[in-house]
Structures are given as structure tokens and as C-alpha cells.
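Trainee: I'd like a close look at just one part of this model, please. Pick a single element and take me along it, then show me what sits around it.

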Amino acid sequence: MNHPEFLYQEIDEYGIMQSEYLANILERICDQYGVAFLDAKTVAQPSNIDFVHMDEANHQALGQAIVAKLATL
């Protein structure tokens with residue numbers, strides 16, 4: 001994903017890389033304790049406005065994925 005230049009003033013490349021590993025780590029912990037897990041980045045993406053926050057469509061997609069996940073529990 002291309003990030004706007006201003007984003008790197010606050011978050012460096014290493015920080016972005018580490019955040020991408022977070023879901024993997026959390027999923028393993030959830031599996032270990034028998035807790036349901038949903039990786040939000042598989043169903044929603046940040047908007048092109050600031051590359052951080054989701055737009056309405058992505059909030060909707062995330063909400064629908066959460067409802068679907070809850071229905072399986």
C-alpha cells in the first residue's frame with residue numbers, strides 16, 4: 001500500500017511493518033486461549049483520505065464481518 005509522505009513523519013517503515021505482524025500474533029494468542037478472532041484488515045481497509053481511518057463503506061464491511069463471525073460462535 002502506498003502511504004502518503006506525511007504519514008512517515010509519525011510512523012516509520014519499521015512501525016508499519018510491525019503493525020502488520022500484530023494480527024498474526026493476536027490470532028495465535030486467541031487460538032491458544034480458545035478465543036474467537038477476526039483480522040479486520042481482511043475485510044476492511046483504510047480510506048484514501050488519510051490511509052489510517054476507514055470510510056463508511058469499510059465500516060459497513062467490518063460490521064458485517066463481525067456479525068457473521070458472531071453468528072458462528
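**A close look at H1**

Mentor: Let's take H1: its 21 residues reach 31 Å from the first C-alpha to the last, close to the 30 Å expected at 1.5 Å a residue. That expected span is 1.5 Å times one less than the number of residues. A helix here is a DSSP run of H or I with at least four residues (strands are E runs of at least two), numbered from the N terminus. Keep in mind that this is a predicted model, where local features need pLDDT of at least 70 and side-chain atom pairs count only at pLDDT 80 or more, while totals for chains, interfaces and linings use all residues. Numbering starts from 1 along each chain as its sequence is written, and side-chain values use heavy atoms, with hydrogens and water left out.

H1 covers residues 13-33, and there's a bend of about 30° at Tyr21, taken as the angle between axes fitted to the seven residues ending there and the seven starting there. Just past the end of H1, Gly34 has a positive phi of about 70°.

Ile16, Ala23 and Cys30 are the ones to look for on the inside: they're buried in H1. Buried means under 20% relative accessible area, exposed means over 50%, and partly exposed is in between, with a 1.4 Å probe and protein chains only. Ile25, also in H1, is partly exposed because its relative accessible area is 38%. Leu22 is another H1 residue, and its 45% relative accessibility makes it partly exposed too.

Tyr21, Leu22 and Ile25 turn up again in a nonpolar surface patch of about 900 Å², together with Tyr14, Met17, Leu26, Ile29, Tyr33 and Val35. Patch members have over 30% relative accessible area and no salt bridge; nonpolar side chains (Val, Leu, Ile, Met, Phe, Trp, Tyr) are joined within 5 Å, like charges within 9 Å. The areas are Shrake-Rupley values with a 1.4 Å probe, and for residues only the protein chains shown count as cover.

The Asp39 side chain meets that of Lys41 in a salt bridge at 3.4 Å, N to O, where the cut-off is a Lys or Arg side-chain nitrogen within 4 Å of an Asp or Glu carboxyl oxygen. The structure holds one such bridge, and Lys41 counts as partly exposed because its relative accessibility is 44%.
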